[in-house]
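Trainee: I should like to learn how to read the features of a protein model, taking them one after another. May we begin?

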Amino acid sequence: MAWNQPGNNGQDRDPWGSSNNNGGNSGGNNKGGRNRGATDLDDLFRKLSQKLGGLGGNKGGNGSGQNPKFGGRLIGLAIAVVVVVWVVSGFYTIKETERGVVTRLGKFSHIVQPGLNWKMTFIDRVRAVNVESVRELATSGVMLTSDENVVRAEMNVQYRVTDPEAYLFNVTNPDNSLRQATDSAVRGVVGKYTMEKILTADRTIVRNDTQKVLEETIRPYHMGITLLDVNFQTARPPEEVKAAFDDVIAAREEEQKTIREAEAYKNSVLPIAKGYAQRIIEEGKAYKVSVVLNARGEVASFAKILPEYKAAPEITRERLYIETMERVLSNTRKVIANEKSNNMLVLPLDQVLRSQAEAAKANAPEVKVTPEHRSTTHSTPTHGQSGYGSGYGDSSNLRGDTTRQGRP
């Protein structure tokens with residue numbers, strides 16, 4: 001039933017829930033107030049309809065001739081335009097090196113891949129995180145070493161974001177947290193070594209230990225980053241003692257230079273010495289073999305002579321004597337003497353033979369003899385050698401040159 005429909009016992013109720021039967025001045029005042037409120041609201045709707053009608057092209061006065069359906073269509077069109085604008089504004093692009101972290105009403109929703117994507121505007125929020133670029137972080141400061149010296153060290157850390165969700169939400173400021181962890185790790189590692197080792201020999205060890213300590217420090221926080229490299233850039237003493245430590249470093253370098261020179265000399269001399277030693281060993285082995293073979297040959301020769309000596313001792317003894325004298329006299333001058341006379345005739349046979357040998361050598365072709373051949377050649381005297389220490393290989397020469405002649 002309508003609020004002002006007749007037959008409701010005179011208790012007409014307006015849309016605001018108040019009654020018309022309140023009597024008295026108060027009832028009249030309330031009724032007048034309600035009428036004024038209703039009139040103002042009607043005027044507001046009427047003015048709005050007139051404005052919408054003006055936008056639609058209806059120029060009638062006092063709202064006459066306006067089409068209510070046209071105003072509804074215009075409102076629907078406006079809503080459709082707003083929806084289209086909302087949908088179009090939700091498209092966005094993620095670069096190839098980035099990943100998009102989507103939060104819906106402030107809560108993490110999902111991660112989007114590179115390319116064209118869409119989000120609900122005013123509901124979803126997208127934050128792009130670069131996961132391909134290598135980021136750098138440097139820290140430096142004055143630190144105390146284990147021998148209670150002070151050193152200024154600089155460390156550079158290279159890292160990459162591997163988990164965008166953890167990088168954004170697990171830690172408030174991952175870069176600042178990593179900086180603090182790096183500074184703590186460097187100070188802890190430097191405090192384990194002496195100043196001399198940090199400045200000279202143990203720089204690589206300090207760098208490796210710093211990387212291990214830093215990885216162990218950030219692992220429980222799940223910061224979403226991965227360490228790629230830690231570089232120990234510089235480490236220098238305070239300015240007050242810098243000159244002394246420069247002298248220490250120069251001495252270290254000179255020591256290393258001397259060691260390298262000694263090693264180079266060793267590498268050049270040692271192979272030669274080993275070769276010379278091996279040569280002596282081989283010559284000794286060859287001499288051993290030659291002596292053994294000569295001894296065996298002499299034994300075999302004596303074994304052949306022994307039966308002849310048993311058969312004819314006098315003849316064999318004479319022959320051995322003659323052969324021995326041949327070997328002995330082959331290195332002496334030839335002298336011819338007369339038993340019955342005091343006169344001695346000395347023939348310069350050595351000079352004659354030397355001149356003959358030189359002439360034969362001049363006419364003969366040149367033959368080169370290597371040291372190896374010379375070392376393996378036996379020292380058996382040959383015919384044509386002269387002077388003291390020379391001999392004559394043919395036994396007939398001994399018998400013919402050295403004879404004893406009597407006076408007729």
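Mentor: Leucine 144 is part of strand β6. Please bear in mind that the model is predicted.

Trainee: Which residues is leucine 144 in contact with, leaving aside its neighbours within four places in sequence?

Mentor: To read contacts, one looks past the sequence neighbours. Leucine 144 then has Asn149, Val150, Val190 and Gly191 as its contacts. For the protein as a whole, among contacts between residues at least 6 apart in sequence, 62% join residues at least 24 apart.

Trainee: How many helices and strands are there in the protein?

Mentor: The protein has eleven helices and eleven strands. Of its 408 residues, 21% count as buried.

Trainee: Which residues touch the most other members of the largest nonpolar core?

Mentor: One reads a core by its members and then by the elements that supply them. This core has 34 residues, and those touching the most other members are Leu178, Ile198, Leu214, Ile218, Ile225, Leu227 and Phe232. At least two residues of the core come from each of β6 (135–144), β7 (150–161), α3 (164–169), α4 (174–190), α5 (195–199), α6 (203–218) and β8 (225–236). Take leucine 214 as an example: leaving aside neighbours within four places in sequence, its contacts are Val157, Leu178, Ala181, Thr182, Ala185 and Leu227.

Trainee: Which residues of α6 are buried?

Mentor: For a helix, one asks where its buried residues lie around the axis. In α6 the buried residues are Val206, Thr210, Gln211, Leu214 and Ile218. Because they cover an arc of only 135° around the axis, they are on the same side of α6. The cover over these buried residues includes β7, α4, α5 and β8. On the face turned away from the buried side, α6 carries the exposed residues Thr204, Lys212 and Glu216.

Trainee: What span should α6 have at 1.5 Å a residue?

Mentor: Its 16 residues should span 22 Å, and the end C-alpha atoms of α6 are 23 Å apart, which agrees.

Trainee: In what order do the three strands of the open sheet lie?

Mentor: A sheet is read from strand to strand. Here the order is β3-β2-β5, with antiparallel pairing in an open sheet. β3 (107–112) and β5 (124–130) stand at the edges; each has a single partner strand, so one side of each is left without a neighbour in the sheet. From one strand to the next, the twist averages 25°.

Trainee: Over how many bridges does β2 pair with β5, and which residues are partners?

Mentor: Strand β2 (residues 98–104) pairs with β5 in the antiparallel sense over seven bridges. Arginine 99 has valine 129 in β5 as its bridge partner, and valine 101 has arginine 127 in β5. With β3, the antiparallel pairing of β2 runs over five bridges. Valine 101 stands opposite isoleucine 111 in β3.

Trainee: What lies between β2 and β3?

Mentor: These two strands form a hairpin with two residues between them, and leucine 105 in the turn has a positive phi of about 55°.

Trainee: How many of the residues of β2 are buried?

Mentor: Six of the seven residues of β2 are buried, and the strand is thus described as mostly covered.

Terms used. Residues are numbered from 1 along each chain as its sequence is written. This is a predicted model: local features need pLDDT of at least 70, side-chain atom pairs count only at pLDDT 80 or more; totals for chains, interfaces and linings use all residues. Side-chain values use heavy atoms; hydrogens and water are left out. A nonpolar core is a set of buried Ala, Val, Leu, Ile, Met, Phe, Trp, Tyr and Cys residues joined through side-chain atoms within 4.5 Å. Buried means under 20% relative accessible area, exposed over 50%, partly exposed in between (1.4 Å probe, protein chains only). Helices (H or I, at least four residues) and strands (E, at least two) are DSSP runs, numbered from the N terminus. Contact means heavy atoms within 4.5 Å. The expected span of a helix is 1.5 Å times one less than its number of residues. The arc is that of the directions from the helix axis to the C-beta atoms. Two strands pair if DSSP finds at least two bridges between them. Axes are lines fitted to C-alpha atoms, for helices over the stretch in contact, and angles run from 0 to 180 degrees between N-to-C directions.
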